[in-house]
Amino acid sequence: MQVNNEIYSRRGHAWWDDDEGEFATIRFFINPVRFGYFRRILEKESDGRPAFRTVLDVGCGGGLLSEEFARAGYEVTGVDPAWPSIEAAREHAAAGGLQIDYRSAAGEQLPFGGGSFDIVLCCDVLEHVEEVGRVIAEIARVLKPGGIFCFDTINRTFRSWVAVIKIMQDWPSTAFAEPNSHVWKKFIRPAELSDLLARHGLVQRDIRGIAPHGNPIGIWLNFNRRVRGRISYRELGRRLGLCESVDTSASYMGYAVKGMNERMEPAAS
């Protein structure tokens with residue numbers, strides 16, 4: 001079964017639409033958590049060293065994460081294979097007075113020389129590509145020695161099957177995403193990703209889960225309220241209250257460093 005990546009071209013204009021569920025949920029649920037985490041670890045890693053300045057956002061979509069880094073003062077380049085998403089990103093950045101270099105390109109073949117960037121981001125992407133190892137290899141190639149790779153993706157567990165596949169895609173009472181927006185078999189266990197990173201000279205330093213507050217019944221009820229138009233996606237995100245967690249069983253994020261010798265403890269599966 002193939003992931004339905006065509007939506008990023010067909011609906012790429014809607015990345016900043018508050019009512020476009022597949023994009024609004026990233027914007028309101030995930031983006032605040034992961035950017036806060038990434039900014040904190042970058043501050044820690046740059047302590048006593050020259051500041052990291054240049055950022056490449058691989059699979060940038062409409063620029064949700066690129067804009068956060070640009071507003072924080074980084075020099076940002078964003079790439080995505082879906083041209084309509086790139087157009088939406090450029091238009092939104094221009095409207096906000098942000099200088100971001102957006103280009104149409106795929107993670108499997110990045111149009112940059114080796115060692116071009118201090119930081120590479122790859123978020124909500126690895127579970128969508130056909131060759132994860134090839135994308136990781138390209139990210140490692142364009143990172144400077146000592147550079148930071150920041151990522152998030154989805155774990156391949158029963159919990160992610162229920163949350164991402166059934167609740168968000170399949171069940172009419174809660175679903176907002178198109179069929180096959182995600183495919184469970186494409187999800188990546190933390191240990192699998194750790195092995196891929198190590199093969200390409202990226203030493204994983206940390207993994208953190210992204211998890212909601214509340215019990216499963218309350219979460220289901222709030223998704224149902226959104227489907228019935230009782231609450232907005234922004235309000236749904238507030239009620240879910242996603243935050244950093246030790247629970248990596250659904251969504252997780254982390255970072256790795258290029259060209260370092262030490263290794264972290266093996267990742268949980």
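**Exercise 1. Determine in which hand α2 passes α9, and which residues meet there.**

Step 1. Start with the hand: α2 passes α9 in a right-handed crossing, where right-handed means that the near helix is turned clockwise from the far one by less than a right angle, and left-handed anticlockwise. Helices here are DSSP runs of H or I with at least four residues, strands are E runs of at least two, and both are numbered from the N terminus.

A word on the model: it is predicted, so local features need pLDDT of at least 70 and side-chain atom pairs count only at pLDDT 80 or more, while totals for chains, interfaces and linings use all residues. Residues are numbered from 1 along each chain as its sequence is written, and side-chain values use heavy atoms, with hydrogens and water left out.

Step 2. Now the geometry. The axes of α2 (residues 21–45) and α9 (residues 233–240) come within 9 Å and cross at roughly 45°; axes are lines fitted to C-alpha atoms, for helices over the stretch in contact, with angles from 0 to 180 degrees between N-to-C directions. That makes α2 oblique to α9 (under 35 degrees is roughly parallel, over 145 roughly antiparallel, 65 to 115 roughly perpendicular, the rest oblique).

Step 3. List the contacts (heavy atoms within 4.5 Å). From α2 come G21, A24, T25, R27, F28 and F29, meeting Y233, R234, L236, G237 and L240 of α9. The residues of this contact of α2 with α9 divide into six nonpolar, three polar and two charged.

**Exercise 2. Work out how α5 and α7 cross, and what their contact is made of.**

Step 1. The axes of α5 (residues 132–142) and α7 come within 9 Å, crossing at roughly 45°. α5 is therefore oblique to α7.

Step 2. The crossing of α5 past α7 is right-handed. V132, G133 and I136 of α5 make the contact with L193, L196 and L197 of α7.

Step 3. Sorted by type, the residues of the contact of α5 with α7 give five nonpolar, one polar and no charged.

Notes: Nonpolar A, V, L, I, M, F, W, Y, C, P; charged D, E, K, R; others polar.
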